[in-house]
Amino acid sequence: MNKKSLGKKGLRSSGALLALLLTSLLASAPSQALELKVADSFPAGHYLVRLMLKPWMDEVTKRTNGAVTFTYYPNQQIGKAADMLRLTQSGVVDIGYIAPSYVSDKMPLSEVAQLPGAFETSCQGTLAYWKAAREGLLSSREYAPNKIKLLMEVVLPPYQVWTAKQKVETPKDLQGLKLRTTGGAQDLTLRALGAVPVRMAAPDAYESLSRGTMDGLLFPMESVVAYGLDKLVKHATEGVSFGSFIVAYSINQSVWDKLPEDVKKAMDEASEAIEPKACADVDKEQDATKAHLQQSGVSFEPLPEATRAEIKDKLKGVGQEWAAGHDSRGKQASAALKEFDGLLAAGGAK
């Protein structure tokens, strides 16, 4: 072979090597820089932002080699909790804190995870809801029609009754008490006990309770501290699940569809990783928060066995009442309840 042929062969080899190198570099290169807007109604430093949202955002940025970053708007800077679905759907924000309770007319079936007596820990409720909302009936009947995709969520530990004056030791003590709820299933829960539900978003609870227009709240322990309500409440029940609440962040479906595949993969992997960790951290913080509340002067009243049994008996029919009401309006609530109960059982909750 002459030198000319050898030269051409060498050039071809070099060209092939260069092409291979460029292909490799492009494949490993980060996606084009992308900044997403995230908004919620939580006060700065809220424990769920600390335990779930910020770790998730940091993990996505890390997995995309810094290509995806987030601008975070807390504390209702862009809109109130009840407006987050609309703001996310319209593209004002890319990712919004969309709590199904605040948009129960649009997401009624999600309240299946907020019924009383269903589970005892955050992780039991969280992992069951995650499967239903990402792969099951709630995914197709709630999230898809609203053109949003669930990215992360936590179902809070069972709600308790918190009161400013009245100690709750028997079911009779609940009669006529005006208590804050998130609406929907929680309203049914309180009516079954003879209490009066006062529907409002969490950020508005402090003012109403301080003015005396409410006697107390249905609330999770951590949020009592987060919203400064530990300065107002004096008594809390223990030993009965009065329902729960879903804290969920979702992305506009159109925004999701336009994301590069590697970014979608990074987000999905970050979501799958954060779910069990976030709910475990929420469960873990209960003891420390209870100690803080006790130091603040809040007394916890473990309900006597007879009282717990009587309350549970009164609440036994709430789930079926909830399902029947939605079934009559053409919603698949009984199917959602059956699916959720099955997921709880599979996870060891029932």
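Modeller: Before the sheet, a word on pairing: two strands pair if DSSP finds at least two bridges between them. Please also keep in mind that this is a predicted model.
Colleague: Okay, so what is the order of the strands in the open sheet of six?
Modeller: The order is E7-E6-E8-E5-E9-E11, and the pairing within this open sheet is mixed.
Colleague: And which strands stand at the edges?
Modeller: Those are strand E7 (196-199) and strand E11 (299-302), each of which has a single partner strand, so one side of each is left without a neighbour in the sheet. On average, and with direction ignored, neighbouring strands of this sheet are turned by 30° against each other.
Colleague: In which sense do E5 and E9 pair?
Modeller: Strand E5 (residues 160-163) and strand E9 (residues 235-238) pair in the antiparallel sense, over two bridges, and Trp162 has Ala236 in E9 as its bridge partner.
Colleague: Which strands does helix H6 lie across?
Modeller: Helix H6 (residues 185-192) lies across strand E6 (178-181), E7 and strand E8 (216-219), and its direction is at about 160° to E7.
Colleague: Switching topic, at what angle do H12 and H13 cross?
Modeller: The axes of helix H12 (residues 318-327) and helix H13 (residues 333-346) cross at roughly 140° and come within 7 Å, which means that H12 is oblique to H13.
Colleague: Which residues make that contact?
Modeller: From H12 they are Gly319, Gln320, Trp322, Ala323, His326 and Asp327, while H13 brings Ala333, Ser334 and Leu337. The residues of this contact divide into four nonpolar, four polar and one charged.

Key. Residues are numbered from 1 along each chain as its sequence is written. This is a predicted model: local features need pLDDT of at least 70, side-chain atom pairs count only at pLDDT 80 or more; totals for chains, interfaces and linings use all residues. Side-chain values use heavy atoms; hydrogens and water are left out. Axes are lines fitted to C-alpha atoms, for helices over the stretch in contact, and angles run from 0 to 180 degrees between N-to-C directions. Helices (H or I, at least four residues) and strands (E, at least two) are DSSP runs, numbered from the N terminus. Angles under 35 degrees count as roughly parallel, over 145 as roughly antiparallel, 65 to 115 as roughly perpendicular and the rest as oblique. Contact means heavy atoms within 4.5 Å. Ala, Val, Leu, Ile, Met, Phe, Trp, Tyr, Cys and Pro count as nonpolar, Asp, Glu, Lys and Arg as charged, and the others, Gly among them, as polar.
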